Each structure stands twice: as C-alpha cells, then as structure tokens.
Amino acid sequence: MPPVVLALRRLPQPRLTGLGAGLFASAVMLTLGFLDRLLLDGSPVVYGLLFLPVSALTALWVRAADLVTAPIGVPIAFAVGVVPIAGGTGGFGGQAMAIVTALAVHAGWLYGGTLVAGLIASVRKVREMGRRQHLVRTAGSTAQATGSSAGASAVAGEAPGAGGRGPTSGGRTPRRRPVA
C-alpha cells in the first residue's frame, strides 16, 4: 500500500454523535478564531483555510446514523468561530453587525466548508447503503444455500409470509397494552 494510505489508516477514527460533531467543530473553530486573532490579527483567509479541514474532519468523524448533521453543524461552527475575528466595536449592536458582515463577506469559505462536509457525508452515506445492500444479498444467498425455504420469516415461530399477523398466524391479532 502507498505510505499515504498507511498514514491515513493510523489516524484516529472517533465516531461522534450529531451533537458531539457540532460541539467539536464549534470548539475547534472558536479556538482557531482566537488563535487567528492573537497571532495573525484576524486574517479571514487563514480562518477560511482552516475551516475546510475542520469541516472534513467533522464529516469523517460523525457516526453513520448522524451523517445528516455534519453539513448542518459546520456552518454553525463557522459562525461561532468568526466572533473573535469579526472585530466589532460599540457594544452588542456593533459586535452583532460585525459578525453579520463577516459572515456575508466570507460566505465563500462558509459555502466551501459546507460543501466539503456535505460531499463527504453523501459519499459515506452511499457507501453505507451499498454495504448494507451487499450484506442483505449475502445473507439471502447464504439462507438459500443452507436450504432454508422459510427464509427470514421463520423467526420466533411465525408462519412463513405472515409476519406475525393475519389468518395464517392462528387468527389472533396481537394485543395492545393500554397506555398509562
């Protein structure tokens, strides 16, 4: 294997929840915003360039069940991190206007990072769907190869094709428990 692939495999593979991914991205972007303000006097280009890998990492580290949250959380993280570099003066109103202006002026970076997160999340979702489909096909062919004619419906004593309901399951319908 190429050394780049081996190096990428050594990286940590955390699986963050949707909320965890949003908090991760927000905390990292806020930290990067403060460092940018401290070291580079709030350079928006550096901040935007650093936003792109944070967006990619967020989309890579979110759980498969929460993939939809990655392209939602990274723009919020961008807005949180832009607060230190916005530079507003004059109280709350001046600071709010500086943040809105910074978001409008640097919308290209915002859209770019969101696009990166969306593309990575979409590719991961398509791969996950393909993997599940392959497992279903493999399980179906394994069940046919072992001679199980009932297949997946022979679970827990159900009649084949009945799914646990209807006249083939003894004519009984399951009872519902009262809601307390």
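I looked up the handedness first: the crossing of α3 and α7 is right-handed (the near helix is turned clockwise from the far one by less than a right angle). Helices are DSSP runs of H or I, at least four residues, numbered from the N terminus.

I worked on a predicted model, in which local features need pLDDT of at least 70, side-chain atom pairs count only at pLDDT 80 or more, and totals for chains, interfaces and linings use all residues. Residues are numbered from 1 along each chain as its sequence is written, and side-chain values use heavy atoms, without hydrogens or water.

I then took the geometry: α3 and α7 pack at about 15 degrees, with axes 8 Å apart (lines fitted to C-alpha atoms over the stretch in contact; angles run from 0 to 180 degrees between N-to-C directions). The pair is therefore roughly parallel (under 35 degrees).

I listed the contact (heavy atoms within 4.5 Å): on α3 it includes Phe51, Leu52 and Trp61, and on α7 Trp109, Ile120 and Arg124. Its residues divide into 15 nonpolar, five polar and one charged (Asp, Glu, Lys and Arg count as charged; Ala, Val, Leu, Ile, Met, Phe, Trp, Tyr, Cys and Pro as nonpolar; the others, Gly among them, as polar).

I turned to the largest pocket, with about 390 Å³ of space. Of its 15 lining residues, the closest to its centre are Gln13, Arg15, Leu60, Arg124 and Arg127. (A pocket is an open set of points on a 1 Å grid where a 1.4 Å probe fits, with protein on both sides within 12 Å along at least five of seven lines; lining residues have an atom within 4 Å of a point. The volume is the space filled by probe spheres set on the points.) I noted that α7 gives the largest share of the lining, five residues, and that the lining has nine nonpolar, one polar and five charged residues.

Notes:
Helices (H or I, at least four residues) and strands (E, at least two) are DSSP runs, numbered from the N terminus. Angles under 35 degrees count as roughly parallel, over 145 as roughly antiparallel, 65 to 115 as roughly perpendicular and the rest as oblique.
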